[in-house]
Amino acid sequence: MSATNTEQLRALLANENTQRYLRMLQQAEGTYKGANGDPYRVAFGGGTIDDLSQHPRKLHNFTQTDGKRNKTSAAGAYQFLGSTWDDVAGKLGLPDFGPQSQDLAALELMRRNGSLQDVLAGNFDKAVQKDGRTWASLPSSPYAQPRRSQGFVERALGNMMGTAHAGQQPRQQNQPQAQGGVDARAVFEQAMQQWKGGAGQQAAPQPNQQPQQSQPRAPQQGAPLPSSARDAFEAAMQQYKGQGSGGGSTPAQQPQKRSMLDELGRQVGLTGRYAAEGLGHAADLVAEPFNNLIRMTGAEATAPSKTFSRLADTIGLPKPGGGTLEAMGAGAGGGFGQVVAGAEHYAGAALDAFGADALGQRLKRDAAETRERIKQDLQPYRQSNPVATTVGEFTGNVVGTLPVGGVLGKGAQAVGNTVGLGSKVTPFAQALTTGGMQTTAKGVPGLVTRAVGGGVTGGAMAGLVDPDSATTGAVIGATLPVALQGAKKAGQAVVKALQPADDATAALARKALDAGAPIGPADISSNSTVKGLRSILNDNLFSGGVGSRQNAAKQRWFNRQVGQTFGAEADSLTPQVMDKAKQQLGAKFDKIWNNNSMLVDDALLSDLSRLRTNAEMLPKSEAKRLLGLLDDLEGRVAAGPNGSMVVPGDVANRFQSTLRRTADSAQGFLKNDLTELRSAVLRAFNRSVSEADSAALRGNQAAYKAFKTVEPLLNKAETGVAGRVSGDVPASLLPQAVASSYRSGAAGTPLAEVAQMGSRFLADRTPQTGGSAKALLQNSMVVGGLLGSGGLTSPLALIGAPAAVGLNKALGSAALSRGLLAPATNKATGLGLKTGLLRTAPLLGVNRD
């Protein structure tokens with residue numbers, strides 16, 4: 001595409017319809033989060049793009065709405081795929097992935113779809129239909145991905161209208177008009193334009209519009225909206241909705257769908273009235289106790305809600321029908337007003353106690369009337385929107401009563417300091433402040449302190465909301481801290497039983513889990529009770545299958561970890577797997593031998609000389625055999641570089657293989673000498689290997705040693721032996737095999753670490769239903785008893801069986817093990833929030849009928 005076409009697209013960025021449509025696409029794609037966000041830096045899934053010099057081209061996994069897994073490189077305000085961006089950016093010559101480049105690329109895609117002209121003409125519905133194959137979030141998209149509704153698109157386009165001049169918006173074809181010729185939309189546009197202080201012009205009549213004498217004339221620029229214009233608009237809207245104008249003979253029409261502009265105006269207006277009247281009710285309910293005191297002096301008190309309602313009427317906001325915001329606002333105001341009335345009640349009770357009976361009784365009576373009035377005021381909201389009203393009421397209660405604990409605690413501490421008992425009172429003051437959730441007192445005195453402090457604070461909080469609920473609040477406040485403390489102690493005991501007994505075991509368990517071991521709390525725990533419970537569940541008729549599957553998964557993991565030490569990464573180390581691994585190790589050895597020559601150095605010559613001396617002490621036939629092999633080796637020596645003597649690597653390799661086979665069939669001192677000769681050859685070759693092959697040789701030798709350590713165990717692991725099957729490495733036998741093979745050099749080797757994990761966290765026997773004679777007898781007796789008594793259909797059995805299965809799953813859960821082994825976090829983290837939330841529990845006992 002030429003630079004001229006790019007500049008044409010750039011010029012279109014200033015078009016108001018283009019701006020509205022691009023913003024709608026950002027909202028549909030979920031990248032636009034408000035004025036404070038940057039949609040151009042949003043990666044797929046909500047991440048942030050740090051560098052806008054180019055498309056990030058990072059793949060993200062996601063699941064389609066049809067359940068299929070997929071990947072995407074979508075990024076930016078319009079979620080461009082990497083391939084799409086490369087195509088468009090290359091043709092437009094875009095220099096980066098910045099905001100303007102992304103906007104231009106979006107316009108180019110719209111141009112290709114044929115939707116750009118529709119957007120410029122204001123035909124947004126047509127544009128959305130054409131762009132569905134480009135942006136999967138649009139309602140016209142055919143892809144198996146979440147789509148926005150048509151209403152969402154209309155609202156998104158409508159919310160941008162405040163940034164465009166109303167007179168410049170294109171008029172749609174077949175625009176609905178009010179019955180009788182008054183164009184409701186035209187009147188509204190004209191009135192709203194002047195209300196905002198815009199340049200007003202008389203709305204042009206539509207071709208089918210009948211002239212009317214009552215057609216309003218636009219006010220002058222910046223003038224207040226006259227009542228005549230508002231009356232005309234309301235009358236037109238009534239006719240438009242088919243309700244009749246009140247005086248005409250025109251038959252009523254069926255209600256028509258509001259235009260986007262009509263709906264926008266109504267929603268904005270309703271939101272404004274909800275907020276105003278909700279706030280007015282809140283202020284009214286809170287102020288009611290104070291207004292009662294004012295009225296007691298003979299003065300007149302005005303309810304704040306009347307002022308807010310008059311303000312909403314003056315502005316001309318639509319009448320609400322009891323929305324969520326209004327109900328929640330009324331509930332919050334009522335809840336806070338209940339607390340104020342409760343304070344008035346207790347103030348009256350205090351005056352009663354000090355002898356001011358008349359005033360005290362008056363305050364208590366007034367508080368009761370206030371609570372009853374609040375109850376009546378909230379009743380309509382409870383009927384229309386009970387959830388929002390209750391949430392708001394409870395929130396008002398919480399806000400009003402949260403200071404109670406602090407006031408009581410500080411008061412108790414002040415009294416204690418005054419009488420010289422400050423340090424002794426401090427634990428109780430802490431309990432009062434936190435509703436019994438915190439105190440420095442320990443043991444039984446600590447529980448008593450928590451109960452008393454929580455009861456006093458809970459009773460005071462609930463009593464402020466409803467004096468009749470003070471006892472219920474006190475009971476909840478006293479019981480909850482003690483119950484939570486008991487649950488905490490019990491939980492700590494359970495966690496301690498499930499955790500490893502020492503740090504070394506915990507560290508080993510973390511390594512195993514990091515390596516993917518499916519080990520659960522019962523595997524890492526050293527507690528005999530936990531182990532016994534797991535054994536019972538594994539042999540149980542209902543939950544035994546869970547244990548069998550978990551143990552099979554652990555064995556597969558263990559086999560794979562062992563096999564990795566010599567290149568056989570398989571769930572089962574069958575003979576075929578072992579043969580293949582052996583062949584691979586041999587092939588690597590052959591390659592290294594063929595790439596290098598064995599240097600005949602002084603050390604090798606010394607070894608050969610010693611072996612010739614040993615041959616003199618052997619029987620004649622054995623000596624002849626050993627000397628023949630020595631002569632054979634010396635005869636294969638050739639001249640090497642720089643005057644050295646070498647044996648070709650492939651020759652030396654065949655020679656050491658012959659020595660191994662010969663030594664295997666020999667006996668006594670000859671066997672020892674042949675083995676020593678082979679070792680001398682291997683040592684000489686190791687010293688001769690090039691630096692490039694040295695590391696490979698050491699790695700292959702280590703793998704071969706691990707292979708030779710494990711191979712005998714698999715030959716013994718026949719089906720049925722100790723519950724194992726062919727191909728399973730016996731976890732309990734591997735540590736001894738490692739110690740025997742590696743001797744003092746086992747520490748730090750991969751196989752030794754795996755062996756340690758297996759012996760600690762895996763059991764050789766795979767418990768399963770019927771997996772042992774004891775289990776078979778046990779389950780036969782259980783099933784027979786249950787069938788005879790009808791127990792299999794009893795509620796207890798129906799509940800107990802799933803519980804056993806769930807418990808066994810939990811005891812084998814690797815996720816729970818990770819949680820138990822996770823580092824301890826700061827205990828203060830979130831403690832204040834948790835305490836604050838729990839302190840509100842007594843308010844749940846308040847009677848709200």
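The mean pLDDT of this predicted model is 77, and 71% of the residues reach 70 or more. Where pLDDT is low, the predicted coordinates should not be read in detail.

In soluble globular proteins, nonpolar side chains tend to be buried together. Here the largest nonpolar core has 39 residues, and those with the most contacts inside it are Phe 558, Val 562, Phe 566, Leu 734 and Phe 761. Several helices each give two or more residues to this core, including α19 (503-514), α22 (544-564), α28 (691-716) and α30 (750-761). Apart from this core lies another, of 37 residues, with Leu 22, Leu 107, Leu 109 and Trp 135 among them.

Leaving aside residues up to four places away in sequence, Phe 761 touches Thr 505, Leu 508, Ala 509, Ala 512, Ile 519, Asp 523, Ile 524 and Lys 554.

Val 444, Val 448, Val 452 and Val 456 make a nonpolar surface patch of about 320 Å². Val 456 is found in helix α17 (residues 443-465). With a relative accessible area of 39%, Val 456 is partly exposed.

Turning to charged side chains, the count of salt bridges comes to 23. One of them joins Arg 10 to Glu 7, with the closest N and O atoms 3.2 Å apart. Both residues lie in helix α1 (residues 3-12), three residues apart, which is about one turn of the helix. Arg 10 is partly exposed at 29% relative accessible area, and Glu 7 is partly exposed at 45%.

Asp 601 and Arg 687 also meet in a salt bridge, at 2.9 Å from N to O. Asp 601 lies in the loop between β3 (597-599) and α24 (602-615), and Arg 687 in helix α27 (residues 668-688), so the pair ties together parts that are 86 residues apart in sequence. Asp 601 counts as buried because its relative accessibility is 17%, under the 20% limit, whereas Arg 687, at 41%, counts as partly exposed.

Elsewhere, a network of salt bridges links Asp 87, Lys 91, Glu 108, Arg 111 and Arg 112.

Terms used
Residues are numbered from 1 along each chain as its sequence is written. This is a predicted model: local features need pLDDT of at least 70, side-chain atom pairs count only at pLDDT 80 or more; totals for chains, interfaces and linings use all residues. Side-chain values use heavy atoms; hydrogens and water are left out. pLDDT is the predictor's confidence in each residue, from 0 to 100. A nonpolar core is a set of buried Ala, Val, Leu, Ile, Met, Phe, Trp, Tyr and Cys residues joined through side-chain atoms within 4.5 Å. Buried means under 20% relative accessible area, exposed over 50%, partly exposed in between (1.4 Å probe, protein chains only). Helices (H or I, at least four residues) and strands (E, at least two) are DSSP runs, numbered from the N terminus. Contact means heavy atoms within 4.5 Å. Patches are made of residues with over 30% relative accessible area and no salt bridge: like charges are joined within 9 Å, nonpolar side chains (Val, Leu, Ile, Met, Phe, Trp, Tyr) within 5 Å. Accessible areas come from the Shrake-Rupley method with a 1.4 Å probe; for residues, only the protein chains shown count as cover. A salt bridge is a side-chain nitrogen of Lys or Arg within 4 Å of a carboxyl oxygen of Asp or Glu.
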